Amino acid sequence: MISVVIPAYDEATALGWLLPGLPVRLHGRTVRPLVVNDGSTDGTPELARAHGVAVPALSPHPGQSAPL
């Protein structure tokens, strides 16, 4: 399996064209996207789930430099 981790903060528009374009298989392996929602308010998690993508959430919005 190939995991594609996509960090997202208010990226519904971009995910609308990105997710349908990801291959289902690559080099014989299943491709599984994972959208990590970082406190989006534009429908990003709902859009990703509508495409069948798992969406864990970071809470509260820590930003890119926060330690995990």
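Which residues make up the largest nonpolar core?

**View 1. The largest nonpolar core of the predicted model.** I6, A8, L15, L19, V35, A48, V53 and V55 make up this core, eight residues in all. A nonpolar core is a set of buried Ala, Val, Leu, Ile, Met, Phe, Trp, Tyr and Cys residues joined through side-chain atoms within 4.5 Å. β1 and α1 are the elements that give two or more residues to the core. Helices (H or I, at least four residues) and strands (E, at least two) are DSSP runs, numbered from the N terminus. The model is predicted: local features need pLDDT of at least 70, side-chain atom pairs count only at pLDDT 80 or more, and totals for chains, interfaces and linings use all residues. Residues are numbered from 1 along each chain as its sequence is written, and side-chain values use heavy atoms, with hydrogens and water left out.

**View 2. The two sides of helix α1 (residues 12-21).** A12, L15 and L19 are the buried residues of α1 (buried means under 20% relative accessible area, exposed over 50%, partly exposed in between; 1.4 Å probe, protein chains only). They lie on the same side of α1 because they cover an arc of only 45° around the axis, taken from the directions from the helix axis to the C-beta atoms. T13, W17 and G21 are exposed on the other side.

View 3. T44 is buried, with a relative accessible area of 0%. Residues touched by T44 include A12, L15 and V35, not counting residues up to four places away in sequence (contact means heavy atoms within 4.5 Å).
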